[in-house]
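Keep the picture open while you read.

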Amino acid sequence: MKWLPLLQRSNNVKFIIFGGGQVAQRKVQTLIKFTTEITVVSPKLNEQLSKLIAKHGLSYIKSIALQQHVVVDHRIVAATDSIEVNQQIAAWSKALACEVSIADDSANSDFIFPAIIDRNPVTIAISSSSQSPALTRYLRNQLDAALPARIPQLAEFVASLRKTIRKTIASTQRRQQIWRSLMSSPMPNLVLAGKVDQASKVSQQVMSGQAIKGEVFLVGAGPGDPELLTLKAVRLIQQADVVFYDRLVSPAILEYCSSQAEMHYVGKAMSDHSVPQEGINQLLVDHAKLGKTVLRLKGGDPFIFGRGGEEIEQLAEENIPFQVVPGVTAASGCSSYSGIPLTHRDYAQSVRFVTGHLKDGSANLPWHELIHPQQTLVVYMGLSGITHISEELIAHGMSQDTPIALIEKGTLPEQKVYVSTLKGIAALIQNQQISAPTLTIIGDVVKLHNKLKW
Ligand code: SAH
C-alpha cells in the first residue's frame, strides 16, 4: 500500500496553505478542527475563506507565492489554481525538507487529505489513495449516515469501564474474555440509546461473571419499500442473532439480516394463526434469556395496529432490555406513494386510522364519529369488510359519492391504486382481483390522486 494512515498529534503541526479559492478553502475547513496554526498565502481570497480566516484568527499573507513564504517545520499545501505555481511551491518545499501536499497531484505529494467522519474521540478517515475523491465522499456519507450519533458517549463509557477493568482484573486473558462479552452484550446498544444506567448494570453483571440476558429490538419495517427503513432499523436488523418476522415484512427487507441469523416466520394470515400471539411473546422472552440478540420485525409501525405493545409487556415484566423502533406506517407509505395526502387545507383537517377487522370478525366501528366533514378515514385490514363498511357509512349519513381509494401492496413495485366511490366500491371489488395487503382511504383527499400520482 502506498499511503500509511497514521494519526498525528494536532497541537504541534503548522500548515501553510497556498491558494485563495475553493480547494484551499476546503483544506482550511478540514484543518481548522485540529489546529489554528494555519497561514494562508494568496493575492485574493474567496468570501468563505476570508470569513474562516477572520473567525479563527488565522494568519494571512496577501501575496503571490514566493519562496520566502515556505518556512521550515511547516507542512505545505499547494492549492493554487495554477499547476506550474503548485509545482514551484513543491520544489521550494522539498528544498527545505518540508512535507508538501499538491492539489490534484498525489504522485508528487508527501501527504494527502482523507475524508473524515468525526465522532470525537472516534475518528474515521477514508481515502481512495487520491484515485477518486467522489467515491471517497460517497463512502463517507454512507458511513456517516449509518453510524449512530452517540458514539462519543459510547467511547466515554468504554473508556471508563476500561479503567475499572484494569484496576480490578489482573489476568490479561480474563480481561480479554470480559471485553468480548461486554461488546456482545446489550451494553453498547443501551449506551447508544441513551440508557447509561442500564448499560452500567449490564456491565457490572458481565464483570461479575453473571449470565447476561440478551435484548430484544421491536422494529417497524415500514410498508414494504426497503428504502423506507430508518437508519436505526437497519443498524439493529444487522445485529440480530434471531429474527421473528411477520407476513407483511418484504423479502427485500429480510436481506438486511445477517446471513448467520436464525430466521423464524411467525406471521399470520387472518384465519391462519401460525403462531398465536402469546406464543410470540414467550418466544421473545425465551430467546432473550438465552443471551441472544432478538429482532422482532413487524410491518409498518409496531405500535399502530401491530400488537407491539402486547409483545413487549412480558419483556418489561421480566426486565429484559428492549428497544422499539418506529416504522413508516401503511397509511403514510400508501398515502405518499399513491399521491393522496391524508390532510390538505381544502379537503381534510384531520385524519382517523381505524381497523376494519375486529376481534369477532365483524367491523363494529363508532360510525357516527367517522362521519365528519373534512376528515380522512384510513381503514387498515378492511379489505374483506370494505363493502360492509361502505354501506354502514352511507347508512349513517356519509354521501354515497364520497371518493374511496384502495391501495394494494403500497410502496412496493407491484403497487396498485383503485379509486371509486362508496356506492361503487362493491362492484369494483367484485370485478377486480384485489389482494392483501390493501389499505383503504376514504374522503375528499382521494380526488387529488389523479393530479398527484407519480
Ligand atoms: N403495523 C402496521 C399495520 C398492521 S395491520 C402498520 O403500521 O402499517 C395490517 C394492515 O396494514 C393490512 O391489512 C393493510 O391494511 C395495511 N398494510 C400494511 N402494509 C401495507 C401495504 N404495503 N400496502 C397496503 N396496505 C398495507
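## A tucked-away threonine

First, a heads-up: this is a predicted model. You'll find T411 in the loop between β17 (403-408) and β18 (416-421). T411 isn't a glycine, yet its phi is positive, at about 75 degrees.

Most residues other than glycine have a negative phi, and most peptide bonds are trans. F305 has a positive phi too, near 45 degrees. F305 sits in the loop between β13 and α12 and is partly exposed, with a relative accessible area of 37%.

Now for two cis peptide bonds. One joins N120 and P121, with omega at about 5 degrees, and P121 belongs to the loop between β6 (115-119) and β7 (122-126). Another runs from A436 to P437, with omega near -5 degrees; P437 is in the loop between α16 (425-431) and β19 (438-442).

## One side of a helix

Which residues of helix α12 (residues 308-317) are buried? They are G308, E311, I312, Q314 and L315. These residues cover an arc of only 150 degrees around the axis, so they lie on the same side of α12. Their cover includes β8 (215-220), α11 (277-289), β13 (293-298) and β14 (322-325). Just after α12, N319 has a positive phi of about 55 degrees.

## A fully hidden leucine

L49 is part of helix α2 (residues 47-56). L49 is buried, with a relative accessible area of 0%. Among the residues it touches are G19, A24, V28 and V40.

Methods:
Residues are numbered from 1 along each chain as its sequence is written. This is a predicted model: local features need pLDDT of at least 70, side-chain atom pairs count only at pLDDT 80 or more; totals for chains, interfaces and linings use all residues. Side-chain values use heavy atoms; hydrogens and water are left out. Helices (H or I, at least four residues) and strands (E, at least two) are DSSP runs, numbered from the N terminus. Buried means under 20% relative accessible area, exposed over 50%, partly exposed in between (1.4 Å probe, protein chains only). Contact means heavy atoms within 4.5 Å. The arc is that of the directions from the helix axis to the C-beta atoms. Lists of a residue's contacts leave out its neighbours within four places in sequence.
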